[in-house]
Amino acid sequence: FIVMPCDQPFLTPALLQQLVTVQQETGKGIVATRFADQVHMPALFTRPYAEPLSMLTDDRAPKWVIIKHKTDLAEVGFEPAAIDLDFWSQVEEMNK
């Protein structure tokens, strides 16, 4: 399954397909998007990670699971994902 934020306007279906393809090619249990020199969402997690993800509390994000399981991680670079819109003013600025 893919965990994906809804505030990154430049995510594409092609990126999501690439996450799936990389998982199939590498057999890794997690495939995360790399931008700004770090791994981030969106990320694909295979079934064994459903339980660790479901156990996350408010102070832990899915990235915590990625960091804890780095040996089972593949990455897909996608710098446009660095743009996220957390505030209405950012949306307005992007629409100018």
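Select phenylalanine 1: its relative accessibility is 45%, so it counts as partly exposed. Keep in mind that this is a predicted model.

Show both rings. Searching the whole structure gives 2 aromatic pairs. One of them joins phenylalanine 1 and phenylalanine 45, with 6.2 Å from centre to centre and 25° between the planes. The pair counts as stacked, because planes under 30 degrees apart are classed that way.

Why does this pair tie together parts 44 residues apart in sequence? Phenylalanine 1 sits in the segment before β1 (2-3), while phenylalanine 45 belongs to strand β3 (residues 38-45), so the contact links those two parts.

Phe1, Phe45 and Tyr49 make up one aromatic cluster.

Next, go to proline 42, also a residue of strand β3. Look at the backbone on its methionine 41 side. The peptide bond from methionine 41 to proline 42 is cis, and omega is near 0°.

Last stop: the loop between β2 (30-35) and β3. Select alanine 36, which is placed in this loop. Its phi is positive, near 55°, in a residue other than glycine. Alanine 36 is partly exposed, at 45% relative accessibility.

Then select aspartate 37, in the loop between β2 and β3. Is aspartate 37 buried or exposed? It is exposed, with a relative accessible area of 71%. Check its backbone too: phi is positive, about 60°, although aspartate 37 is not a glycine.

Methods:
Residues numbered from 1 in each chain as written. Predicted model: local features only at pLDDT ≥ 70, side-chain atom pairs only at ≥ 80, totals over all residues. Heavy atoms only, no water. Phe/Tyr/Trp six-rings, centres within 6.5 Å; stacked < 30°, edge-to-face > 60°. Helix = DSSP H or I, 4+ residues; strand = E, 2+ residues; numbered from the N terminus. Buried < 20%, exposed > 50% of the residue type's maximum accessible area, 1.4 Å probe, protein only.
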